[in-house]
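This report describes selected features of a predicted model. Please keep the sequence and the structure in view while reading.

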Amino acid sequence: PVCLSRARCMFQLPSLLLQQPLLNVAETECAELENLTRKWSRPWPHTLSADELIGALFHSLTTEAKVESDALLSLSLQDSLEKRNRRDVYLDEGRSRCWQDRSKRFLERRHDTLASLSMDSLYSALAMQHFLDLDAADAARPLELRCSDDSFAGDISDQFHIDAPRGRYTVAGDVFQFRASPGETEEDFVTRLTQAVRKITPPALLGRVTCTISQSGLAALERASLCSIAVSGGQHKVEYTLEADPASAGLLVTLRVHKHGFTQYLMESSRDDFVPMPSDRGSSVSKSAVIAFSHNGDVDVVDIQEHVDIREGGRHLPAESFRKPIPHSPRHVPFADSQWHCLGRVRACVIWVRSAFRRRQPGARNFRTTA
């Protein structure tokens, strides 16, 4: 808009005012536009645009919130303040638009994520980032406006203290895993692990990070997953890794969940019937996510992976049959394409104006610019 307004002013000026300073302004504007178009020149690698993915996610979350609200009303069930606040994030149009804008900024600042992930993985990363971002924002809210019931002992998540003895943690290369022994009690182990986490984590990020390396983070990963099965029995291994982010002064957190040795699973579509399906003990389900925490408050899911290996009678079942499709998006606004088109047209306009200025300059050489 600034470039266009300046271009209009330039067209209206008489020729005697077309001096070198104005030509310099046009060239500066053109250089800025070239940088912008270069930034967005990489084709969008997915069939759904950024706006369509965001629309699909929030349409699904809004539908869930409406269904939950209607069920509570029709069954006269008790509701918690936190759950009601969380539903309002999607049912209140203004708040929903605000969070959609935050999701869009996540996609804009993480171009590497867009290029490297499949569309299904990108959708899951988008969902998990939103859930973690929503939880992270709770710390600054008064109690009556919070969307979760997470509690903290000072700046450390209470859930982290509860979960610490049950997981395997790698903090700055050091491995922590509790094993009952006379030499260290469970309380001693939690204290030692907490000290290591404090040492590597900036104080402002402690609450968010310790909340993520607990059941709260795993719940966000599970909810964001497109894998549509729940397993019964078997072994369940959870690993967390904390390390400095080499790309910034922040922190990288990796969550890994590996389930194996189970003999039954439940498909999401069959949960109403509660009929478990049989599986061989060699079956497994693995999920992982990498989250980047920045000093400025950004919480970005930069990678997310799922591997489903269900076997029955010695044969592998198709992994695609256990994945939900990306929810339908009611909107079809090609965000990235419209940005490229708009910037390209404005850039062409400024180039044309610059060419006109040069032709009006005494002694200027003629040249042609193709837009």
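## The open sheet S5-S8-S9

In this predicted model, three strands form an open sheet in the order S5-S8-S9, and their pairing is antiparallel. Strand S5 (229–232) and strand S9 (277–278) stand at the edges with a single partner strand each, so one side of each is left without a neighbour in the sheet.

Strand S8, which covers residues 264–267, runs antiparallel to S9 and is joined to S9 by two bridges. Within this pairing, tyrosine 265 has methionine 277 of S9 as its bridge partner; tyrosine 265 is also buried, with a relative accessible area of 4%, and returns below as a member of an aromatic pair.

## Pairing around strand S6

Strand S6 (residues 235–244) pairs with strand S3 (residues 168–171) in the parallel sense, and four bridges make up this pairing. Valine 171 is found opposite leucine 242 in S6.

S6 also pairs with strand S7 (residues 251–260), here in the antiparallel sense and through ten bridges. The two strands S6 and S7 form a hairpin, with six residues between them, and in this pairing glutamate 243 stands opposite leucine 252 in S7. Strands of a sheet pair through backbone hydrogen bonds, in either the parallel or the antiparallel sense.

## Helix H3 and the residue after it

Helix H3 spans residues 50–75, a run of 26 residues, and its first and last C-alpha atoms are 38 Å apart, which is close to the 38 Å expected at 1.5 Å a residue. Serine 76 follows H3 and has a positive phi, near 55 degrees.

Valine 285 belongs to strand S10 (residues 284–293), and with a relative accessible area of 6% it counts as buried, because buried means under 20%. Leaving aside neighbours within four places in sequence, the contacts of valine 285 include Cys227, Ile229 and Val231, together with Val257, His258, Lys259 and Phe262, and also His307, Val308 and Ile310.

## Aromatic pairs

The structure holds five aromatic pairs. Among them, phenylalanine 160 and tyrosine 169 form an edge-to-face pair, with 5.9 Å from centre to centre and 90 degrees between the planes. Phenylalanine 160 is buried at 0% relative accessibility, and tyrosine 169 is likewise buried at 0% relative accessibility. Ring pairs also link Phe160, Tyr169 and Tyr240 into a cluster.

Another edge-to-face pair is formed by tyrosine 265 and phenylalanine 322, for which the centres are 5.6 Å apart and the planes stand at 80 degrees. Tyrosine 265 lies in strand S8, while phenylalanine 322 lies in the loop between strand S13 (315–316) and helix H12 (335–360), so the pair ties together parts that are 57 residues apart in sequence. Phenylalanine 322 is buried, with a relative accessible area of 3%, and tyrosine 265, at 4%, is buried too.

Conventions:
Residues numbered from 1 in each chain as written. Predicted model: local features only at pLDDT ≥ 70, side-chain atom pairs only at ≥ 80, totals over all residues. Heavy atoms only, no water. Pairing = 2+ DSSP bridges. Expected span 1.5 Å × (residues − 1). Buried < 20%, exposed > 50% of the residue type's maximum accessible area, 1.4 Å probe, protein only. Contact = heavy atoms within 4.5 Å. Phe/Tyr/Trp six-rings, centres within 6.5 Å; stacked < 30°, edge-to-face > 60°.
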